[in-house]
Amino acid sequence: MSLAQPSAQSPDTQPSHSPKAARHARFADLPTQALLPITTRPEIVFTHGKGGWLYDHEGKRYLDFIQGWAVNSLGHCHPVMRDALATQGSLLLNPSPAYYNLPMIELADLLANLSGLGKVFFANSGAEANESAIKLARKWGQLHPNSAGKARFEIITFKNAFHGRTLATMSASGKPGWDTIFAPQVPGFPKAELNDIASVEALIGPETVAVMLEPIQGEAGVVPATPEFMKALRELTTARGLLLIVDEVQTGCGRTGTLFQYQQSGIVPDIMTLGKGIGGGVPLAAMLCGDAFAVFQPGDQGGTYNGNPLMCAVGLAVMRTVSSPGFLEFVRAQADYLSAGLQHLSSRYGGQGERGAGLLRALLLGRDIGPQLVEAARDMTPDGLLLNSARPNLLRFMPALNVSREEIDQMLSMLDTLLAKHA
């Protein structure tokens with residue numbers, strides 16, 4: 001793949017509207033009351049997308065710098081994904097996870113070769129992948145008990161971390177307030193301070209089996225673990241006989257400019273989880289581990305849709321594209337361009353800079369205007385802009401990995417207009 005090819009797969013800078021997709025002219029006519037209200041949604045129904053753009057039920061288009069929360073690696077409806085769905089959809093959808101299928105085998109082999117972690121378990125979401133990692137660590141702790149002969153089960157995680165929405169992954173997370181929503185929590189997840197190795201060491205006890213972290217805390221506002229901390233953590237866990245689990249659900253699959261964020265620290269974890277970008281928009285996730293840690297026995301772990309050929313075929317197309325020659329160089333070049341543009345806006349409007357890695361970035365606003373900017377950006381005309389405010393004092397950017405420079409320029413121009421109004 002040439003450097004220009006990812007950009008060429010982005011939409012035209014002026015994609016045409018599709019009147020056929022605007023099936024409903026009035027939001028009030030839609031039976032939205034049937035949906036359980038789990039979040040506050042704007043009165044917009046998206047009907048179709050192409051590359052970096054989404055279109056609503058009234059035909060308005062939106063430049064999408066959320067991309068499903070870093071899910072749509074190649075933008076909306078990329079040709080390689082459409083082809084994979086169409087081809088596999090005509091062959092085999094789900095033979096049951098009790099049997100092998102070709103896309104499952106091929107994607108597992110590709111991931112193992114790309115990561116150096118020899119065993120792969122497929123799941124449907126990042127939370128499921130993290131649940132699998134927690135189960136695997138606890139099983140390993142049963143097989144490798146402490147000096148008193150008792151199973152080890154505690155996994156040190158970090159304040160402000162986000163690992164998913166199941167009961168166990170919520171307990172592993174350090175998001176403020178999550179310890180009471182569905183109390184009592186699952187025990188066994190003491191919380192350390194990110195980038196403070198002493199705080200990790202202080203929590204290690206006879207029941208500790210692993211340390212689990214995001215190399216960049218996305219929901220916390222794109223807060224990176226430093227390379228020095230990652231190296232110290234690897235040294236500490238190795239010395240103390242603990243597993244190192246890296247949650248790359250948001251950072252993996254090329255998002256930060258390398259296939260996996262841990263590679264930028266020069267370490268190798270024992271267990272890694274992937275989600276979001278691995279499927280490019282379809283429900284797919286994975287847990288990978290080194291051969292020495294593959295201690296599940298038949299029946300320990302599973303799932304009805306795990307490794308189904310339809311999702312794995314799409315994941316295979318996505319990962320082949322992301323790992324093709326020149327693609328990651330393109331991502332890093334676009335990331336540098338976006339970073340420079342955000343830094344310019346920060347300097348211009350008295351912000352506190354920007355941070356992140358690759359195409360996972362945050363603009364530090366210096367004041368709590370993030371939610372207002374998100375709403376104002378969405379309401380812009382003739383084109384809207386989709387942004388995310390992970391914290392009130394910042395904006396988070398997660399565009400498609402093949403985002404074009406023209407799309408970055410348009411986003412920066414629109415954001416400039418918004419910041420001028422809120423300065």
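A residue counts as buried under 20% relative accessible area, as exposed over 50%, and as partly exposed in between. In this predicted model, Lys119 has a relative accessible area of 40%, so this lysine ends up in the partly exposed class.

Lys119 sits in strand 4 (residues 119-123), while Asp291 belongs to the loop between strand 12 (285-289) and helix 10 (309-322), so the pair ties together parts that are 172 residues apart in sequence. That loop turns up again with Asp300, whose partner is Lys139 in helix 5 (residues 126-143), 161 residues away, so this pair too links distant parts of the chain. Here the side chains meet in a salt bridge at 2.4 Å, N to O. What about cover around these two partners? Lys139 has a relative accessible area of 16% and is therefore buried, whereas Asp300, at 33%, counts as partly exposed.

Glu329 and Arg332 both lie in helix 11 (residues 327-348), three residues apart, or about one turn of the helix. Their salt bridge has its closest N and O atoms 3.9 Å apart. Both ends are partly exposed: Glu329 has a relative accessible area of 41%, and Arg332 comes in at 36%. Across the whole structure, the search turns up 12 salt bridges. As for charge overall, the protein carries 34 positive and 37 negative charges, and the mean positions of the two sets are 2 Å apart.

Along the principal axes, the C-alpha atoms fill a box of roughly 70 × 55 × 45 Å.

Counting contacts in the protein with a separation of 6 or more, 72% are between residues 24 or more positions apart. Of the 423 residues, 54% count as buried. The accessible surface comes to about 18200 Å², and carbon and sulfur atoms account for 55% of that area.

Note on methods: Residues are numbered from 1 along each chain as its sequence is written. This is a predicted model: local features need pLDDT of at least 70, side-chain atom pairs count only at pLDDT 80 or more; totals for chains, interfaces and linings use all residues. Side-chain values use heavy atoms; hydrogens and water are left out. Buried means under 20% relative accessible area, exposed over 50%, partly exposed in between (1.4 Å probe, protein chains only). Contact means heavy atoms within 4.5 Å. Accessible areas come from the Shrake-Rupley method with a 1.4 Å probe; for residues, only the protein chains shown count as cover. Lys and Arg count as positive and Asp and Glu as negative; His and the chain ends are not counted. The place of a charge is taken as NZ of Lys, CZ of Arg, CG of Asp or CD of Glu. A salt bridge is a side-chain nitrogen of Lys or Arg within 4 Å of a carboxyl oxygen of Asp or Glu. Helices (H or I, at least four residues) and strands (E, at least two) are DSSP runs, numbered from the N terminus.
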